[in-house]
Amino acid sequence: MPGSFSSNHSNTGPAGVAALRKVTSGALYSDSNQTPFGIYKDSLKPNADRRKVGALYVAARKWVKVDQDGSSSIIQAEKHELTHRLGVQLRDLRVLDPLLAASYPSAILARDRALVVNLEHIKCIIATDHVLVTNAEDDTVLAFVEELQRRCASAPDTDSSNQDASQSSPDLVVMNGEQGDMTRENMFPFLEIPYELRVLEVVLESVCTHLERLTSELEAAAHPALDALTNKVSTHNLERVRRIKNRMVRLNTRVETIHELLEKLLDDDDDMKDLNLTAKQLEMERTVSLQRNSLKAGQPPGSPLFGAEPEDDDADAQEVEMVLETYFMHIDNTYNKLQTLTEYIDDTEDYINIELDNQRNQLIRIELVLTAATFSVAIIGSIAGIFGMNLNNRREDSYTIFLVVTLASTVGAVLIFAAVIAYCRHKKLLA
């Protein structure tokens, strides 16, 4: 089979994941020479050629391989081997490079014999009978591998049943009339979704659950910080809210990317059909069988019935739609939570701005009152300055004149101050 791999070491179940953790951390060795287990022992080819740099081999990337029965193994593969066996492109492998994770957005790419999945922390290549997972040093990726092993071990081998059924009936034809349409859905109603869709389902579940957990943690940290900022506007509280808002913006971008990706796939039936690798493989086999039967029946290759395909494309797309729609609703719920949190933060910011504007207005009112009082007192100072000049007006020694001028100046200042305040109240400049 073109997409099959060979490996000399496999692990199954929780014990296998524990071994994978040791392998990826470099703690498990295969011999007394302390050679890391699986690095040179497991490969896509037993006699794979490797270039040497001095005494060292040029290291190829390590992958965790999970088969249909849930068994796992550590293999080492070079790029050209993967492109040859799985039909992927070199640029697809660059998308899966953990060192270039920030350069490429999340994507699900359908190829002829494999699916290239780059969703958050999970980067893998899904074939019809196995999956290759990179970046296995991450604990979240190992948790995904563990869950995938559990699902595969507990699920029936639907793909082998599908192949056995197709091999037992090599001459499949389209039959109309009393027997109805002999499509894959009618002939094999007991089959579950294909292996690649089950793996894709586990990938989406892991990613959606991870993003939902991050959203819940963000909500748990955001609400107390926002309440504290509402009660008291301080530099410490503002800094807390600023950090939380930065986290929310980054998380919202990640969730929105997954949301748009799933929405785009659900809107295009052709893209969903391309994700069903098993259906495409069966369709090719069925087309070849129909062409062979047409040749046996003596139909020329140019005949309209030569190689006619059964019309079951909708059923193939519905299988993918059932998987994608469930997790689209899941990620949509997470996206709505982030939007609600965004609105809550915006409302809190608006409230804080209103409070600051109110305090600013109060300061302006106080400044207006003080300015009016200063203007009134300045009038008294002006009169005192006029009478304080060294001018001989024959009134300097009169105590009565002094009292009159002082009282008149004070009353005038008070009246002017009251007039200014009354005018400001009339114009609603003061409450």
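The model is predicted, so local features need pLDDT of at least 70 and side-chain atom pairs count only at pLDDT 80 or more, while totals for chains, interfaces and linings use all residues. Residues are numbered from 1 along each chain as its sequence is written, and side-chain values use heavy atoms, leaving out hydrogens and water.

- Strand β9 covers residues 130-133. Helices (H or I, at least four residues) and strands (E, at least two) are DSSP runs, numbered from the N terminus.
- His130 and Leu132 point one way from β9, and Val131 and Val133 point the other way. All are buried. Buried means under 20% relative accessible area, exposed over 50%, and partly exposed in between (1.4 Å probe, protein chains only).
- Strand β4 (residues 61-67) pairs with β9 in the antiparallel sense over four bridges. Two strands pair if DSSP finds at least two bridges between them. Val64 has Val133 as its bridge partner in β9.
- Strand β8 (residues 122-126) also pairs with β9 in the antiparallel sense, over three bridges. Here Ile126 has Val131 as its bridge partner. Three residues lie between β8 and β9, which form a hairpin.

**Nonpolar cores**

- The largest nonpolar core has 61 residues. Such a core is a set of buried Ala, Val, Leu, Ile, Met, Phe, Trp, Tyr and Cys residues joined through side-chain atoms within 4.5 Å.
- Val117, Leu119, Val131, Val203 and Leu324 touch the most other members. Helix α7 (residues 195-231) gives the most to this core, with 16 residues.
- Leaving aside neighbours within four places in sequence, Leu324 is in contact (heavy atoms within 4.5 Å) with residues including Leu200, Leu262 and Met272.

**Ala225 in helix α7**

- Ala225 lies in helix α7. Its relative accessibility is 1%, so Ala225 counts as buried.
- Ala225 touches Arg240, Val241 and Ile244, not counting residues up to four places away in sequence.
- The C-alpha atoms of Ala225 and His236 are separated by 9.9 Å. These two residues are eleven apart along the chain.

**Leu407 at the surface**

- Leu407 is found in helix α12 (residues 399-426). With a relative accessible area of 56%, Leu407 is exposed.
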